[in-house]
Structure formats: C-alpha cells, structure tokens
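Me: I have a model open and want a quick walk through it. Can you take my questions as they come?
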Amino acid sequence: MSEPRDKDEKKKDAPLKPDEASRREFLGGAGLSVTAAALSGAGALLSGSDEAEAKATWGEWFQKNYRLMTEDEKREAVLRLEKRYTEEFGKQTTVDSAPAKEGVLFGYALNIQKCIGCRRCVYACVKENNQSRDNPEIQWIRVLKMEKGNFLAGDMDKGYPDPAGIQVGGNAYKNSGVVLEGEHYYEPAEVPEKGYFYFPMQCMQCEKPPCVKVCPVRTTYRDPDGIVVIDYNWCIGCRMCIAACPYWARRFNWGEPNLPAEEMNPVTHYLGNRPRMKGVAEKCTFCLQRTRQGRYTACVEVCPVGARKFGNLLDPDSEVRKILEKKKVFRLKAELNTYPKFFYFMD
Amino acid sequence: MKPLIRFALDSVMYVARGSAIFYGWIIFLGFLSFLMLLGAYEQFTKGMIVTNYNDLVSWGLYEAQFVFLVGVAAAAVTVVFPSYVYHHKKMKEIVVLGELLAVSAVCMVMIFIMFHMGRPDRLWHLIPVIGIFNWPHSMLTWDVIVLNGYLGLNAICAFYYLFMKYTGREVNKLFYMPLVYISIVWALSIHTVTAFLINTMPSRPMWFHSMMPIKFIATAFAAGPAMIIISFLVINKFTKLKIADEAIETLAQIVTWCLGITIFLGLSEVVTELYPSTEHSFSLQYLIFGKHGLTGLVLWYWSAVVLLLAAFFMLLTPSLRKNHKLWLPLACAFTFAGVWIDKGMGLVVPAFIPSPIGEISEYAPSAIEIVNTLGGWATGLLIFTVLAKGAIGVLLGELKYRAATDLASEFSSEWQPVVHSSEEICK
Ligand code: SF4
Ligand code: SF4
C-alpha cells in the first residue's frame with residue numbers, strides 16, 4: 001500500500017489509454033491543439049485555457065446525472081474532465097470512474113483512546129482530496145478537543161438556591177453530550193494537552209443517510225460499497241443536505257475553490273477527489289479513489305498512533321470486523337437512527 | 001383571440017398612465033430592483049461567498065424571506081375563503097386582489113429561491129424527465145410542486161375573472177368555482193409543506209417539532225391579511241375603488257385571532273423547551289437570551305414579542321381596530337413586522353446555532369444580501385402594484401372591452417360599454 005509508486009504509474013499510463021486517444025480524434029482539431037498546448041506546460045495554461053475551459057463547461061453543463069449515464073457517456077464525461085483539469089492545473093490528471101466492487105462494504109473504526117489530536121489526518125485529507133485551500137478553506141475532518149472531567153471547584157456552590165435557601169442545582173461541571181460542545185480550533189504548542197481527549201469527526205457514511213433523502217435531484221446517493229457519494233456536476237447547491245446532516249460532515253464551496261496547481265493531486269476519481277467548482281456540496285468519501293483500488297485512506301495511512309482503522313465490513317477477517325467483535329464500540333448520535341458506518345472504540 | 005389581445009393592450013395602456021405619486025412609487029421600486037440585478041450579477045458570478053453564509057450558518061436572510069413570503073402567498077385564502085364559503089358579499093368583489101397578492105408573493109418566493117441556490121444555472125436538473133425529480137422522497141420537490149401549482153391556480157383564477165369582467169361576460173361557475181375551492185385547500189398545503197421542509201430534520205432540533213405547520217399557518221394568517229388590509233387602505237386612499245369596511249373588518253378579525261393563536265403557540269414552545277432545558281433547547285436559548293455571550297438575535301426576538309403583543313391588544317380593542325386612519329394600519333404594520341422577524345431571521349438562523357457539533361457562531365447578513373433582499377421585495381411589490389392597478393381598472397369598469405358592435409351579441413345582457421378616462425383613477 002505505498003502511495004508514491006501508485007501515483008507515478010497512473011501518470012505514465014494515462015496518455016496511453018486507447019479510448020482516450022480515440023476520443024481526442026473525435027473532438028477534432030481544436031480539441032487536439034488545446035490538449036497539445038496543455039501538455040506543453042504551465043505557459044500554455046495561462047494563454048489557452050480559458051477557451052478550453054469554457055468548452056468543457058458547456059459539455060459538462062448538459063451532462064446527465066452520473067448514476068444514470070451509459071458507459072459511453074461516463075467515458076466521455078471523464079475524458080472531458082481529464083482534459084480540462086490537465087489544462088487548468090498544468091499536470092496530467094486522471095479521473096477514475098471505478099465502480100464499487102462487489103462484496104465490499106466499507107467501514108471505519110476510530111480509537112478515541114489513542115488519538116492525540118495532532119490533526120495530521122486533517123491535513124493529509126486536504127492534500128489528498130483537493131479541497132479549496134482558502135477562501136473558502138475546506139476541511140472534511142474536524143478534531144474536537146474535549147475536556148476531561150471538567151469539575152469546577154470554584155463554581156461548585158454557585159448553584160441555584162430557591163428563595164427558601166434550599167439548593168436545587170449546581171454548576172460543578174460543564175455540559176457535553178448530544179450537542180458536543182467540542183472545540184476544534186485549538187492551537188497548542190504541543191499535543192496531546194493535559195486534561196483533554198480528542199474526538200475526530202467526518203462523514204459517517206450513514207446506512208440511512210438523511211442527506212440523501214432530502215436531496216431534491218438525487219445528486220448525492222449511496223454507492224453499493226456503502227459510500228455516500230456526490231456528483232459535483234449535478235449538484236444544484238440547495239444545501240438541503242448540509243442542513244440535514246446531523247454530523248456536520250458536509251461543506252459548501254461558497255466561492256470558486258482555490259486549489260494551487262502545485263498542490264493539486266492529479267490522481268482523482270469522478271465521485272471523489274476531483275477538483276470541485278463553486279456552489280456545490282462536498283464531503284469525505286472514504287478516499288474512494290484509493291480504497292476502490294485496494295489502498296487505505298489518506299487519514300488511515302498518516303495517523304502516527306494507529307488510531308484509525310479501515311476495511312471491508314463484509315469480510316470477517318478484516319480489521320474493522322475484528323474491532324467490532326472485540327472492542328467496546330459506539331456510534332455517534334445513534335438515537336437518530338442513521339446507522340453510521342463510522343465507529344468509535346476504546347481499548 | 002381579438003378580445004385577448006385587446007385585453008393585453010388595454011391593460012398596458014391603462015397601467016402605464018397614472019399620477020405623480022404612482023410614477024414616484026414605480027420608479028422607487030424599479031430603482032431597488034435594478035440594484036438587485038447588480039447584486040445578483042455579483043452573487044451569480046462570484047458565488048455565494050459574497051454573502052455572510054458559512055458552513056455553520058448555511059441558511060440566512062434569503063431563506064427567512066422565503067419562509068415568510070410563502071406565508072403571505074398562502075394568506076390570500078383569508079380573502080377567498082370568507083367570500084366563497086361564507087358568501088361574504090363585500091369580500092367577493094375584491095377576491096381577485098387577494099389572488100394577485102398571492103401571485104406576487106410566489107414570484108418573490110421564486111426570486112429568493114434563486115438567491116438561495118448555489119448553482120442557479122443548474123436549476124433544470126429539477127425538471128422532471130430531463131432532470132431528476134426526487135419525488136416523493138425530498139420535501140423540497142413537494143415544495144416545488146405546491147408552489148408552482150399555487151402560482152398557476154391563482155394566476156388562472158385571477159386572469160379568468162378579470163378577463164370575464166373585462167369583456168362583460170358572466171363567470172362560468174362550473175369552471176371557476178372548482179378552481180377556487182382547490183386553491184383554498186392548496187393555500188394550506190403550500191405552507192404546510194414548507195413547514196415540513198424544515199421540521200423533518202432532527203439535525204436541527206429547534207425546528208424538529210410537530211407544531212411547525214400549525215404555527216406557520218397561524219403566523220401566515222396573521223401577517224398575510226395584515227398586509228392585505230394595509231394594501232386595501234392604500235387602495236381606498238389613492239384609487240376610486242372603495243373597499244367596504246365590512247371586508248376590512250372581517251380581515252382584521254382574522255388577524256386578531258390568528259395573532260392570538262400565534263402568541264399562544266409561541267408561549268407553548270418556549271415553556272416546553274425551556275422548562276426541561278435539554279440540549280434540544282439550545283437554539284431557542286440562544287435566540288431568547290443569547291448563549292456564551294453571543295446575543296446577536298436577542299434584541300431582534302424581544303422586539304418581535306413586543307410588536308406582536310402590542311398589535312394583539314390594539315386589535316382586541318374594538319374602537320382601535322375600527323379606526324382605519326391610525327390604529328388599524330399601525331396594528332397591521334406591527335403584526336407584519338413582528339411575524340417577519342419571528343418567522344424570518346428568528347426562525348431560520350438560530351436553528352443553525354449551535355451547529356451539530358455544538359459550535360456557536362453568529363451570522364449577520366452582508367451588504368449584498370441586504371441589497372438583494374430589498375430588491376426582491378421591491379420587485380414583488382412592483383408586480384403587485386402593476387397587477388392590482390390593472391385589476392382595479394377592471395373592477396371599476398374603466399377597463400372594458402370596447403368592440404361593442406361586432407361582439408355585443410355574444411355577451412350577456414348586463415354588458416354595458418363604459419368609457420372612463422384613465423386619469424380619473426388616480427387623484
Ligand atoms: S454523516 Fe452526514 S453527510 Fe455523511 S452520510 Fe451521514 S448524513 Fe450524509
Ligand atoms: S446541495 Fe447538492 S447534494 Fe446537497 S441536497 Fe442540494 S443538490 Fe443535493
């Protein structure tokens with residue numbers, strides 16, 4: 001599961017794909033010359049990209065919902081995107097369209113006892129998944145800092161005495177619970193901080209996802225391997241899903257995303273980490289561009305303490321299944337009946 | 001076909017002529033609408049980043065107008081219902097004005113939906129057959145159906161009635177009455193569905209209660225007729241059409257009782273939430289008292305409480321309610337403003353505070369949001385002014401089909417050609 005090798009292979013392979021070549025012929029002279037210009041590097045990017053982008057955008061504007069496209073239409077859409085991204089970012093970009101594998105249901109388990117709150121997962125995720133870097137700054141994983149046993153000696157007696165002088169309640173500790181009241185902007189010199197534990201959150205890939213139910217145009221749906229995906233080209237930006245998600249997992253591209261070309265990850269998937277456009281929703285996809293190729297997610301790979309575990313819930317020998325069997329496992333806001341496939345556990 | 005073309009031409013000619021006040025009003029609204037076009041260009045090219053929306057508070061001023069205006073649209077039924085179910089004579093004459101208000105309100109709703117969308121260019125994805133219409137699963141699709149249906153119903157009813165009046169023919173009851181009854185039920189459905197749109201999300205505890213639909217309807221039937229009363233008083237003052245005091249009194253009573261119910265429901269909600277004070281009530285606590293030192297909406301909320309209570313007591317006092325010079329319009333303005341706050345920003349924004357992970361952050365609209373919102377209202381009022389002026393012309397008989405010689409035989413016996421000069425309409 002080593003990351004760089006895989007990337008390089010993809011880079012080399014991409015221009016040789018036969019179907020792509022034929023598609024270029026089909027597009028005719030203009031398409032060819034623009035492609036050539038893009039391949040010649042960043043200089044061409046500045047001159048010729050606007051027109052090419054406009055063309056791709058028209059094509060994209062008329063395309064169908066990804067789920068309902070025929071294989072040919074999918075290929076066409078993917079090639080159109082590859083061409084556009086390659087020019088826009090000045091590097092050979094691949095857009096994978098690998099479907100869900102049969103017999104696979106992805107699940108995640110996170111050991112909150114081990115997490116040290118270093119946020120390496122947050123940054124690895126941003127790097128892998130091409131989120132907008134600033135204005136809007138988008139991060140899919142948020143690590144909440146939770147206070148351990150926050151009993152307040154000073155406030156203990158500042159209770160609620162009633163007029164008769166009999167105390168009816170107190171303020172001996174602060175609340176945390178369904179509404180988590182976690183702090184996720186913490187910036188200490190060192191983690192873990194004394195007296196705190198950490199609680200990372202991201203999309204729970206719910207089995208009964210409220211976000212999918214409310215989407216008026218079926219932009220977001222559950223793929224057969226259990227991942228809730230978004231067709232960024234179909235989203236109308238109504239933000240119903242953002243309002244409906246109980247885990248605050250979804251983010252919105254309020255403006256045109258800012259993704260510097262040198263930081264862009266060119267190995268992408270149509271439903272996963274391909275660069276987004278303004279006005280659409282996005283969220284964690286369990287790195288499906290990686291996991292559908294049999295690799296781990298970026299956050300699992302980067303976690304220095306091994307708090308993050310990922311695997312196939314249908315495979316009795318997988319690590320997640322073992323954890324579900326042996327550890328004390330819980331799900332967040334289980335009472336909402338969304339059946340998250342993201343489990344928390346303790347040793 | 002000929003009467004239809006004449007109707008269109010005559011109406012345009014009729015509406016285009018008016019007094020200085022009328023022109024001033026139109027220019028004022030037109031100016032605001034024009035500013036909105038600039039704001040819309042800004043927002044549609046740069047994206048919603050020009051608003052103050054963020055991942056925490058992802059709905060704001062636009063959605064507040066949306067929710068409120070659906071109520072105003074539904075409130076047309078407060079004119080239609082007494083006329084046709086209780087055969088309130090004085091009301092019947094002005095039903096069409098209520099329908100035109102509904103049409104204008106739905107147009108405003110559509111404007112705010114455009115501003116709400118992150119990708120208005122992809123709205124065609126919602127069109128069945130060429131797009132995907134996730135019906136019946138998505139509440140938003142229900143809303144699309146009921147709102148468009150309501151727009152169609154009211155537009156047809158109003159147009160048909162006016163056209164018949166214009167050509168001097170009798171309204172065909174077999175065609176017209178079923179539409180009226182359907183539109184009465186439909187009016188309830190638009191607001192019920194809008195309530196379901198937001199109260200079916202347990203992720204937003206403040207909205208997650210079954211009182212939402214009835215509260216929506218009660219508030220709508222307070223604010224909507226309040227607006228209708230104000231526009232009737234304006235019509236009485238500035239045009240020759242005299243709307244009967246009985247009609248206004250009936251509407252004032254509807255406002256009174258719906259306002260009473262609104263206050264009662266608001267109180268029930270506050271007690272139910274705040275007595276146990278579970279985490280479910282955090283949004284309401286933020287709204288009413290502020291939370292963790294953030295108090296952005298507190299003044300807003302309490303001003304609504306004061307406005308609504310004041311309006312209620314004014315309306316309860318018969319001598320004040322019957323005073324059409326000062327107290328009635330004042331009470332109606334208070335009702336309108338109070339509900340606009342309570343069901344607008346006071347309902348939409350706090351539901352996002354705290355966020356599902358317990359974060360509390362405040363939201364205040366950006367300048368562009370405010371410009372677009374004012375423009376949206378101005379556009380709606382512009383539509384209403386124009387439609388209402390034409391309708392009044394027809395009701396007064398000043399707008400009438402004049403090709404008497406070749407068509408008179410087709411018309412019923414009551415038809416009389418009346419020719420007024422258009423200048424007479426406005427003082
Ligand atoms: S966590 Fe939120 S975004 Fe993810 S599947 Fe569940 S409801 Fe949808
Ligand atoms: S924002 Fe996009 S994905 Fe979310 S509900 Fe609307 S159309 Fe669907």
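**The sheet in chain A**

Reply: Start with an open sheet of four strands in chain A, ordered 10-2-12-11, with mixed pairing. Strands pair if DSSP finds at least two bridges between them. Strands (E, at least two residues) and helices (H or I, at least four) are DSSP runs, numbered from the N terminus.

Me: Before we go on, what sort of model is this, and how is it numbered?

Reply: This is a predicted model: local features need pLDDT of at least 70, side-chain atom pairs count only at pLDDT 80 or more, and totals for chains, interfaces and linings use all residues. Residues are numbered from 1 along each chain as its sequence is written, chains are lettered from A and ligands numbered from 1 in the order in which they are written, and side-chain values use heavy atoms, with hydrogens and water left out.

Me: How many bridges join strand 2 to strand 10 of chain A?

Reply: Five, and the two strands run antiparallel. A:Ala109 stands opposite A:Lys309 in strand 10 of chain A.

Me: And strand 11 to strand 12 of chain A? How many bridges there?

Reply: Three, again with an antiparallel run. Strand 12 of chain A covers residues 342-346. A:Lys328 faces A:Met346 of strand 12.

Me: What packs on the sheet?

Reply: Helix 10 (residues 319-326) of chain A. This helix touches strand 2, strand 10, strand 11 and strand 12 of chain A. Its direction makes about 110° with that of strand 10 of chain A. Axes are lines fitted to C-alpha atoms, for helices over the stretch in contact, and angles run from 0 to 180 degrees between N-to-C directions.

Me: Is strand 10 of chain A buried or exposed?

Reply: Mostly covered: five of its five residues are buried. Buried means under 20% relative accessible area, exposed over 50%, partly exposed in between (1.4 Å probe, protein chains only).

Me: Where is A:Leu105?

Reply: In the loop between strand 1 (94-96) and strand 2 (106-111) of chain A. A:Leu105 is buried, at 16% relative accessible area.

Me: What is A:Leu105 in contact with?

Reply: Leaving aside neighbours within four places in sequence, its contacts include A:Glu207, A:Arg222, A:Asn312 and A:Lys341. Contact means heavy atoms within 4.5 Å.

Me: New topic. Which residues come nearest to ligand 1?

Reply: A:Cys203, A:Met204, A:Cys206, A:Cys211 and A:Cys245, out of 14 around ligand 1. Near means a heavy atom within 4 Å. That shell divides into eleven nonpolar, one polar and two charged residues. Ala, Val, Leu, Ile, Met, Phe, Trp, Tyr, Cys and Pro count as nonpolar, Asp, Glu, Lys and Arg as charged, and the others, Gly among them, as polar.

Me: And which come nearest to ligand 2?

Reply: A:Cys215, A:Cys235, A:Cys238, A:Arg239 and A:Cys241, of 13 around ligand 2. Here the shell has eight nonpolar, three polar and two charged residues.

Me: Over to chain B. Where is B:Ser283?

Reply: In helix 11 (residues 282-289) of chain B. B:Ser283 counts as buried, at 4% relative accessibility. Beyond its neighbours within four places in sequence, B:Ser283 is in contact with B:Met206, B:Pro350, B:Ala351, B:Ile353 and B:Pro354.
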